[in-house]
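Please read them with the structure open.

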Amino acid sequence: MEPIEMTLQLTIDCAVPERMVRFWAEALRYVPQPPPGGHTSWRAYWASIGVPEEELGEGVGELPESIVDPKGIGPRVWFQRVPEPKTVKNRVHLDLKVGGGSDVPLAVRRERVEGEVARLTALGASVLYVMDEPDGMDYYAVVLQDPEGNEFCVV
């Protein structure tokens, strides 16, 4: 069988895609994805390729609902509007690895993590708890929530 080309998109269900685009674009150092082909909005693009209006909810596609890595390395992230709220802990979450790994001294990793946590809380994240393993475990991470309550870690 001939190998197929594959790309990865991360899809996150949410209530307000625009809010999530603003937060996660800054958090991941991504940019909102512009509509293709010079279209004024994603909604205009979808209309141009024949997506029926009844398949689009009110306001869907008027503002960017996805973000992309400006370096072209990381996956596209699409924030899909859904009617139901988040009710339980995520089964999948993001780890934002800023500490540098176990070859970096714990004090330096802690400082890097705390700096990133400060940046993210200023953007609207909230801290859930700190994972500070005493007794020689040499591990430090902070678990946060994005503006809609999705958990993620800064390690």
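How much space lies in the largest pocket?

1. The largest pocket holds about 520 Å³ of space. Here a pocket is an open set of points, on a 1 Å grid over the protein atoms alone, with protein on both sides within 12 Å along at least five of seven lines, and its lining residues have an atom within 4 Å of a point. The volume is the space filled by probe spheres set on the points, which are joined across faces, edges and corners, and the probe is one of 1.4 Å.

2. This is a predicted model, in which local features need pLDDT of at least 70 and side-chain atom pairs count only at pLDDT 80 or more, whereas totals for chains, interfaces and linings use all residues. Residues are numbered from 1 along each chain as its sequence is written, and side-chain values use heavy atoms, with hydrogens and water left out.

3. The lining of the largest pocket is made up of 24 residues, and those nearest its centre are Ile12, Asp13, Lys86, Asn90 and Asn150. Strand E1 (9-14) gives the most, with five residues, while E8 also supplies at least two. By class the lining divides into 11 nonpolar, eight charged and five polar residues, where Ala, Val, Leu, Ile, Met, Phe, Trp, Tyr, Cys and Pro count as nonpolar, Asp, Glu, Lys and Arg as charged, and the others, Gly among them, as polar.

4. The protein has three helices and eight strands, which are DSSP runs numbered from the N terminus (H or I, at least four residues, for helices; E, at least two, for strands). Along the sequence they follow the pattern β-α-β-α-β-β-β-α-β-β-β.

5. Four of the strands form an open sheet of mixed pairing, in the order E5-E8-E7-E6, where two strands pair if DSSP finds at least two bridges between them. Its edge strands, E5 (94-96) and E6 (126-133), each pair on one side only. E6 pairs with strand E7 (residues 139-145) in the antiparallel sense over seven bridges, and valine 127 stands opposite leucine 144 in E7.

6. Helix H3 (residues 106-123) packs on this sheet, touching E5, E6, E7 and strand E8 (151-154), and its direction makes about 10° with that of E7. Contact means heavy atoms within 4.5 Å, and the angle, on a scale from 0 to 180 degrees, is taken between N-to-C directions of lines fitted to C-alpha atoms, for helices over the stretch in contact.

7. Of the 155 residues, 32% count as buried, meaning under 20% relative accessible area (1.4 Å probe, protein chains only).

Terms used. Buried < 20%, exposed > 50% of the residue type's maximum accessible area, 1.4 Å probe, protein only.
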